[in-house]
Amino acid sequence: MRIDILTLFPDSVGDVLSESIIGRAQERGIVRIEAHQIREYTTNKQCQVDDYPYGGGRGAVMQADPLYNCWLHACEEAAGPVHTIFLSPCGHTFCQADAIRLSKMENLVLVCGHYEGVDQRFIDECVDEEISMGDFVLTGGEIPAMAVTDAVCRMVPGVLPDAECFEEESHYNGLLEYPQYSRPAVWHGLEVPEILRSGDHGKIVRWRRKMALRRTRDRRPDMYEKLDLSSKQDQKLLLEMEQEDANG
């Protein structure tokens with residue numbers, strides 16, 4: 001998979017994405033991430049990429065032409081079908097299902113906006129979808145672009161050792177992840193749940209499922225309502241949870 005990021009701060013983006021799991025995936029050639037400096041595609045000596053907005057208002061708007069020229073270059077380097085994403089607070093909220101969907105694409109181009117926005121004509125002509133990190137505004141699209149890149153790359157086969165590394169993580173299967181513990185067995189007077197030290201794999205799997213259900217129910221009722229809990233195992237777990245709640 002190849003991901004091209006169009007940005008005014010390529011060094012910052014590149015530094016973050018060259019570390020840890022994503023950095024190692026690039027070293028092994030599983031994914032390729034390229035950050036492009038939009039200023040290099042301007043036609044003026046000042047390398048200006050923004051100008052005053054038509055209609056008035058504060059701030060400046062990123063011009064279509066530098067973005068378009070940079071986008072064209074990225075598309076040419078990709079040498080294949082490209083799916084272009086503009087990181088924008090006006091887009092749909094990014095979720096794990098998006099990460100899985102996008103990980104199956106061959107080439108992604110992520111466009112980082114800045115200032116007061118991007119000329120709508122570039123968006124209309126070149127962008128396939130707009131993605132937001134949530135109901136808040138950042139100074140630029142670099143942080144969302146890095147977040148999307150990280151989430152997507154983790155789903156590419158070979159980046160993580162095996163599917164088990166992410167199949168029980170929060171959001172992958174519609175649940176929040178169960179609590180995790182490590183050594184020592186007692187820390188500040190708090191003990192690791194005895195069942196996790198029992199060595200009984202079946203009981204551990206069952207406990208983890210129940211804890212994931214409880215955590216999702218309590219913290220994200222919107223997610224909990226969408227779950228299919230019709231199996232006999234889940235029905236037993238739900239009954240246990242009700243009894244535990246009643247007993248305090």
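Me: In what sense do strand 5 and strand 6 pair, and over how many bridges?
Reply: Two strands pair if DSSP finds at least two bridges between them. Strands (E, at least two residues) and helices (H or I, at least four) are DSSP runs, numbered from the N terminus. Here strand 5 (residues 83-93) and strand 6 (residues 107-112) pair in the parallel sense over 5 bridges. Thr-84 has Val-109 of strand 6 as its bridge partner.

Me: What kind of model is this?
Reply: The model is predicted: local features need pLDDT of at least 70, side-chain atom pairs count only at pLDDT 80 or more, and totals for chains, interfaces and linings use all residues. Residues are numbered from 1 along each chain as its sequence is written, and side-chain values use heavy atoms, leaving out hydrogens and water.

Me: What is the strand order of the open sheet?
Reply: The order is 2-1-6-5-7, with 5 strands and parallel pairing. Strand 2 (32-37) and strand 7 (129-132) are the edge strands, each pairing on one side only.

Me: At what angle do the axes of helix 1 and helix 6 cross?
Reply: Axes are lines fitted to C-alpha atoms, for helices over the stretch in contact, and angles run from 0 to 180 degrees between N-to-C directions. The axes of helix 1 (residues 10-17) and helix 6 (residues 142-154) cross at roughly 30° and come within 10 Å. That makes the two helices roughly parallel (under 35 degrees; over 145 is roughly antiparallel, 65 to 115 roughly perpendicular, the rest oblique).

Me: Which residues make the contact between helix 1 and helix 6?
Reply: Contact means heavy atoms within 4.5 Å. Helix 1 contributes Ser-12, Val-13, Val-16 and Leu-17, and helix 6 contributes Glu-142, Met-146 and Thr-149.
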